[in-house]
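Visitor: Could you walk me through this model, taking one residue to begin with and then the ligand?

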Amino acid sequence: MAVKSKSIFVCSACGAELLKWQGQCPQCGEWNTLQEQRSYQTASAQKVRAQASLAPRSEVVILGEVEAQECPRWSTGIQELDRVLGGGVVPGGVVLLGGDPGIGKSTLLLQSLAALTVKQGNTLQALYVTGEESAQQVALRANRLGLKDLPIPLLAETRLETILNVIESRYPNIVVVDSIQTMFTETLTSAPGSVAQVRECAAALTRMAKIKGISVILVGHVTKDGTLAGPRVLEHIVDTVLYFEGDTHSSFRLVRAIKNRFGAANELGVFSMGERGLKEVSNPSALFLNRHAQPVPGSAVMATLEGSRTLLVEIQALTDDSQSTGARRLSVGLESSRLALLLAVLNRHVGLSTGQSDVFVNAVGGVKITEPAADLALVLAVYSSLMNRPLPTQLVVFGEVGLSGEVRPVQRGQERIREAAKLGFTQAIIPQLNLPPKFKGASAKGGMIDGMELIGVSRVEEACDWVKHQT
Ligand code: TYD
Ligand code: MG
């Protein structure tokens, strides 16, 4: 019986499958990422097969009788990277390091293997598989990083079967695959970088990692144009997903854990890119702070939580009379839907309309803030710009704002206050319910604590009023 080949359309960004072509992927919203795939077996069947074979077969056991052991970890040699991984790489664990091309993924991993080789000596064997650059190019980078004469085994190869053979014979502890989009397996006919190839290669490497207890780090490029399958296609296969963020115009780079089966997600590692590679920034709380000599309108400092860390970030707002019929709203590093909502709150509850103004907001230093605790700082920055009234330079603000203008408490308020106090801030506008127990009570408005004046507010009007009455 002849098997009829079927065409399906697979999104190269998220791996969604559709029977018909569309301009926009209905699952992830990316444009022009759907590609035709002709196969006897649908990609989802391949996915199920790949996942099914990832877990080693074994007997049924009773959960209560399983001896839970802390998994051992190998340090990557770089503390900030260990921190996002939850203490280091786990034997048999697979990590995906995603990020834009040129952000520093290869640099970070080469530095990490070098540090690891120096630190662990002969106890840990590494293997760096490069499919993107030749061995000479990697050596040039190593020279630039000042990492000469290091015994790091290097394999310039893109064929999966060869790589698996080399791993089989050398049996390294840690394997870096740079990048997964350049790898291909002969069992599939599609081109390297296609969804099917990327998935199959990652699944095969993951199977190998689980069976042999080898740590694998896969590099994945984030591509916007959909010509290569993005790392999101792999997020469900791997144990840990790290994303490299940062503005290529600034030297700061953040590595964030999006998913981690072996540690806390949302942990953050901070680096700065210099002439000789990435340097760790172990105390980044003041990194995104831009201290002004004179108070300026439109600037508010907020304390935000990133994993176990508190960062102080300056939020800037600029409002200007609109020159066109539709007022413009632009936000960098903050969610634009949140901005629209907060402008509506400002209009309805404070009586300040921005309908005729262009509003631009920015989180300084290329950080992305998704926490609602930024709301109050954003509102006050816009208020300050609209009223042309600067906030005190030693003021820090945090709090979530609701649709009815109420200011809601945020988690770990004490930590945020403590970090701000450490950096010399002396005043804080915070949600009333975040006031320390000492000030508790419905009428509590705040007070002094360890040299910090706390101003508790329960509504946005109160916060704006406080700013209005500053001289
Ligand atoms: P790279 O690690 O090649 O990025 P990726 O692997 O994510 O594509 O980083 C490349 C960029 O980093 C490149 O633009 C040059 C810059 N860079 C430095 O600024 N300093 C350095 O020491 C190195 C090695 C690279
Ligand atoms: Mg690279």
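Guide: This is a predicted model, and we may begin with L403, whose contacts, once its neighbours within four places in sequence are left aside, are L341, V345 and H349.

Visitor: Is L403 buried or exposed?

Guide: L403 is placed in the loop between strand 18 (400-401) and strand 19 (407-408). Its relative accessible area is 63%, and because a residue counts as exposed when that value is over 50%, L403 is exposed.

Visitor: What distance separates the C-alpha atoms of L403 and L346?

Guide: Along the chain, L403 and L346 are 57 residues apart.

Visitor: Turning to ligand 1, how far from one of its oxygen atoms is a backbone N or O atom of G102?

Guide: G102 is among the residues that come nearest to ligand 1, together with S106, T107, R141 and G277. Polar backbone atoms of other residues also approach oxygen atoms of the ligand, with I103 at 3.4 Å and E275 at 2.9 Å. For G102, the backbone N or O atom lies at a distance of 2.7 Å.

Visitor: How much of the area that ligand 1 exposes when taken alone does the protein bury?

Guide: Taken alone, ligand 1 exposes 560 Å². Of that area, the share buried by the protein is 77%.

Visitor: Which element gives the largest share of the shell around ligand 1?

Guide: Two or more residues come from each of helix 3 (105-120), helix 4 (135-144) and strand 11 (268-274). The largest share, three residues, is given by helix 3.

Conventions. Residues are numbered from 1 along each chain as its sequence is written. Chains are lettered from A and ligands numbered from 1 in the order in which they are written. This is a predicted model: local features need pLDDT of at least 70, side-chain atom pairs count only at pLDDT 80 or more; totals for chains, interfaces and linings use all residues. Side-chain values use heavy atoms; hydrogens and water are left out. A residue is near a molecule or strand if one of its heavy atoms lies within 4 Å of it. A polar contact is a pair of N or O atoms within 3.5 Å; within protein, one must be able to donate a hydrogen and the other to accept it, and residues adjacent in sequence count only if both atoms are side-chain atoms. Accessible areas come from the Shrake-Rupley method with a 1.4 Å probe; for residues, only the protein chains shown count as cover. Helices (H or I, at least four residues) and strands (E, at least two) are DSSP runs, numbered from the N terminus. Buried means under 20% relative accessible area, exposed over 50%, partly exposed in between (1.4 Å probe, protein chains only). Contact means heavy atoms within 4.5 Å.
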